[in-house]
Amino acid sequence: MSERPLNDDNGSTGPEGDDRFAEIVDAETERDPDLAVIEAGSRTLRAQAGPPQGDIPARPEDPETDRALREVEAELAGRWGETKLDPSLVRIEALMDILGQPQRAYPAIHITGTNGKTSTARMIESLLGAFDLRTGRYTSPHVQSVTERISLDGAPISAERFIETYRDIQPYVEMVDDREEHRLSFFEVVTAMAYAAFADAPVDVAVVEVGMGGTWDATNVVDAGVAVVTPISLDHTDRLGATPGDIAGEKGGIVKQDATVVLAQQPVDAAQVLLKRSVEVDATVAREGMEFGVVSREVAVGGQLLTLRGLGGEYPELFLPLYGAHQAHNAAVALAAVEAFFGIGSQHARTLDVDTVRRAFAQVSSPGRLEVVRRSPTVVLDAAHNPAGAQVTAEAVTEAFGFSRLIGVVGASADKDVRGLLEAFEPVFAEVVVTRNSTPRAMDPDELAAIAVEVFGAERVQVEPRLDDALEAAITLAEEEAEFSGAGVLVTGSVITVGEARLLLGKG
C-alpha cells in the first residue's frame, strides 16, 4: 500500500478535494436533524484487486460427477427452501459447534442490504485478491449452478469440491436434524458448507452475503469485523417489515461489537436505525456521502470511468466494466469496506495502492447484472426483482445502451411487488412479453399479464407462457422493423428467469 498523508483531521486532501467532496455531500445526502443525536454517541470513520472472476459454471462434463452433483442437489432441494424461514439461529449454531466453529477460522466482511449485495461482494473479493489475500465468497441466490454460491480465489468451487464438502459435513447435519424440532434448511446447510470450505482452504478472509435480513440469517453466526449495508428498500416485507426502518432493524443485526460499519446511502428512517445499532455496540461508522463516495463518473465503452473518494483519499481513473450509477455506488461501498478491513480511516491515514485498485476493478464481473449475452439484436439480462432494483436498472439501461426501442421479457415471482416492478420499467419498455420461469414460486403468466395490461395497456403486452417462446417473441419484435435497428431486449424480473434465459441463449 502506498502512503498518502492527509492534511487535516477530517480526511481532506486540500481545498480542491474539500470542494469536490462537499459536492458529494450536497448531492447525495439527505440529513435529518434527529440523526445528530444518534451520531453524537457514535464514532465515525474519518481518515485520522484480484484474480479474474470466474464465470457461471456449466454442468460437469464427467457423467459420474454430474450424477453425484445431481444427487446432492436433490438432497438439498428436499429441505426447507430459502423462502421458508424460522427466525432462529439454534440449528446453524448447533451445526457450527459440532463442526468446530469453522467460521471463526478467518476474518470476514459481512454484507446485507436490499439491492446490490452480490455485485458489491464480487468487487470486495476482487479488491482483496488484488492485494494477495486468499478469498472465500459466499453469495445467493445462484444464477445457474448451486456451486456458484461458494467461491475460492474468485471462482466458484468445482463440482467435485462441492460434493466432497457436502458429504464431509452430511453426518453432522443429520445429527442436528435428529435432535432439533425442524431439520436444517437448504440455506443453513449450504452456509455451513461455505464456512467449512473456507476453513479447509484455508482463506485469508471471507466475504459473506446474507440470504435475507440479518439478525436471524444463517450467515450471522460469523463475527465479522466489517459489516456492509447496501441500499435498503422494500422487499420481503411480509418477513422483514413494512418500512425501510423496520427492515433496517433486522439487517442491522449483522453489526457486531466494535465492528466497522460501511453504510451505502439509506432512507432516513433506515439510517437512524442503523446508526442507533452502531451506537449500542460501539461500532465505527463510515457513511456514503460523508466519509466516502462517488466523486465523478462517466460512461465508457464497456462500462464506466470513476473517481471515488475512499476513507483515505481519492482514487481517480478507475475503469469498472459494469453499467449504471448504482454500480458506481456499489464500487464506492466496496472500496470503503476493503479500506476499513485494512485499517484505513482508523489506524492509517493513507490510500491503498491506486494501480492495484484499478486492476481489481477492471477485472470485476457480475453475471446477470446488465449482462450482454447476444448482439444483433442486443439481449441484456438483469436480475432486478423489486421496484427499487427495477428503477436503477431502467435508468442504467437507458444511459448505457441508448436503445431506439427496448422490448422487455419479464418473469417474476408471485410473492414480489410485481406492479411496482412493471411500473418502474413502463417508461423504457416499448412492449413487454410476460412469461414465467420453471420454479413453483413463479407468477402465472396470465396473472402477470393482467397486471401488465393495467400498467402498459393491452396493445403493448404479449403473453408467452414458455420462456424460450418469450425470448423468441421479444427478439422478433426487436428485429421486425428496419428503422428500429438499434432495438434491444431486456430479460428481467427474477434471478431464476435470468439464469434460465442465460442457458437458453447459450451462456451455460
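## Contacts around Thr-147

Two residues are said to be in contact when heavy atoms of theirs lie within 4.5 Å. In this predicted model, and leaving aside residues up to four places away in sequence, Thr-147 touches Pro-57, Leu-69, Pro-156, Ile-157, Ala-159 and Phe-162.

Thr-147 belongs to the loop that runs between strand S3 (135–138) and strand S4 (150–152). Is Thr-147 buried or exposed? With a relative accessible area of 2%, Thr-147 is buried, because the term applies to residues under 20% relative accessible area.

## Helix H17 and its ends

Helix H17 covers residues 495–504, and its buried residues are Val-495, Thr-497, Val-498, Gly-499, Ala-501 and Arg-502. These buried residues pack against strand S13 (369–374) and strand S14 (378–382), and also against helix H16 (467–479) and strand S18 (487–492).

At the N-terminal end, H17 is capped by Ser-494, which has a side-chain oxygen 3.0 Å from the backbone nitrogen of Ile-496. After the helix comes Gly-506, a residue whose phi is positive, near 85°.

## Aromatic pairs

How many aromatic pairs does the structure hold? There are eight aromatic pairs, and one of them joins Phe-341 to Phe-342 in an edge-to-face arrangement, with 5.6 Å from centre to centre and 75° between the planes. This pair is called edge-to-face because the name is given to planes over 60 degrees apart.

Ring pairs also link Phe-341 and Phe-342 with Phe-131, so that these residues make up a cluster. Within this cluster, Phe-341 is partly exposed, having a relative accessible area of 23%.

Methods
Residues are numbered from 1 along each chain as its sequence is written. This is a predicted model: local features need pLDDT of at least 70, side-chain atom pairs count only at pLDDT 80 or more; totals for chains, interfaces and linings use all residues. Side-chain values use heavy atoms; hydrogens and water are left out. Rings of Phe, Tyr and Trp (its six-membered ring) pair if their centres lie within 6.5 Å; planes under 30 degrees apart count as stacked, over 60 as edge-to-face and the rest as tilted. Buried means under 20% relative accessible area, exposed over 50%, partly exposed in between (1.4 Å probe, protein chains only). Helices (H or I, at least four residues) and strands (E, at least two) are DSSP runs, numbered from the N terminus. A polar contact is a pair of N or O atoms within 3.5 Å; within protein, one must be able to donate a hydrogen and the other to accept it, and residues adjacent in sequence count only if both atoms are side-chain atoms.
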